[in-house]
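Here is a friendly walk through one protein chain, from a single residue out to the overall fold. Please keep the structure open beside the text as you read.

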Amino acid sequence: MFAISLGDDGAELRPLEPWNTEEYLAHIDRSREYIGRHIALADRAVDLASATAFLQLYADKKAADSGRIYGIWADGTLVGGVLFRTFDAEAGTCEVGCWLEESAVGRGLVTRAIRLLIDWAVDVRGIHRVEWLAASTNTASVNVAQRLGMVRDAVLRESNLYRGVRHDMEIWSVLAPAWREQREARGVSVSAVGPG
């Protein structure tokens, strides 16, 4: 197993695997209401069996090279995560996503972790287009897309039925050439080590 530092605050990005089920479920239980405001992740892990099934789904996706999931640990505690919800190396596209406990909000953890994922996808795997989907009402998620330098491509009006309410979904994206330009403008060098 590997851990990638997310900065000087000790936060780390690590693979989130089925053997992490108990820790993952405890994390979801701590912040179920907060996480579930905009995404169904909290509804997919309600007990050990469903949490295991969710993490196994991503273990299978990783084996098929069609997705991956990583946890964000702060001070040794799992507080959130990021993922390649979809990953299609042949087509050169992927979708990234995230979730975070309320106690970890405001530290830039998701932005830092997603930057690592995009660097790896673009530089190691040759991905051309990275997408981010967010409910228009999910201000925190939209703000992350903006901080990442993504462009809002579209708003799919009332396209997502979630907990009985239809929500507008925004599609944000960044293309590989623009990502490299932004990274260069920030003066960041890329490490060959990534979250693969």
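## Starting at Glu23

Setting aside residues up to four places away in sequence, Glu23 touches Trp73, Gly76 and Leu78, where contact means heavy atoms within 4.5 Å. Glu23 is found in helix H1; helices (H or I, at least four residues) and strands (E, at least two) are DSSP runs, numbered from the N terminus. With a relative accessibility of 31%, Glu23 counts as partly exposed. On that scale, buried means under 20% relative accessible area, exposed over 50%, and partly exposed in between (1.4 Å probe, protein chains only). Gly164 is 141 residues from Glu23 along the chain, and their C-alpha atoms are separated by 30 Å.

This is a predicted model, in which local features need pLDDT of at least 70, side-chain atom pairs count only at pLDDT 80 or more, and totals for chains, interfaces and linings use all residues. Residues are numbered from 1 along each chain as its sequence is written, and side-chain values use heavy atoms, with hydrogens and water left out.

## Aromatic pairs and charges over rings

The structure holds six aromatic pairs. Rings of Phe, Tyr and Trp (its six-membered ring) pair if their centres lie within 6.5 Å; planes under 30 degrees apart count as stacked, over 60 as edge-to-face and the rest as tilted. Tyr24 and Trp99 form an edge-to-face pair, because their ring centres are 6.4 Å apart and their planes meet at 85 degrees. Tyr24 belongs to helix H1 (residues 21–30) and Trp99 to strand S5, so this pair ties together parts that are 75 residues apart in sequence. Tyr24 is buried, at 0% relative accessible area, and Trp99 also counts as buried, at 4%. Tyr24, Phe54, Tyr58 and Trp99 form one aromatic cluster.

Two arginines lie over tryptophan faces: Arg14 over Trp73, at 4.5 Å from the ring centre, and Arg186 over Trp179, at 5.6 Å. A charge sits over a ring if NZ of Lys or CZ of Arg is within 6 Å of the ring centre and within 35 degrees of the ring normal.

## The nonpolar cores

The largest nonpolar core has 37 residues, and Leu13, Ile72, Phe84, Ile118, Val130, Trp132 and Met150 touch the most other members. Such a core is a set of buried Ala, Val, Leu, Ile, Met, Phe, Trp, Tyr and Cys residues joined through side-chain atoms within 4.5 Å. Elements giving two or more residues to this core include strand S3 (68–74), strand S4 (77–88), helix H5 (109–123) and strand S8 (165–175). H5 gives the most, with nine residues.

Beyond its neighbours within four places in sequence, Met150 is in contact with Val96, Ile118, Val130, Trp132, Ala145, Trp172, Ser173 and Val174. A second, separate core of 17 residues includes Leu16, Ala45, Leu55 and Ile69.

## Helix H6

Ser141, Val142, Val144 and Ala145 are buried in H6. Viewed down the axis, the buried residues of H6 fall within an arc of 155 degrees, so they line one face of the helix; the arc is that of the directions from the helix axis to the C-beta atoms. These buried residues pack against H5, S6 and S8. Just after H6, Gly149 takes a positive phi of about 75 degrees.

## The whole chain

The protein has seven helices and eight strands. Of its 196 residues, 43% count as buried. The C-alpha atoms fill a box of roughly 45 × 40 × 35 Å, taken along the principal axes.
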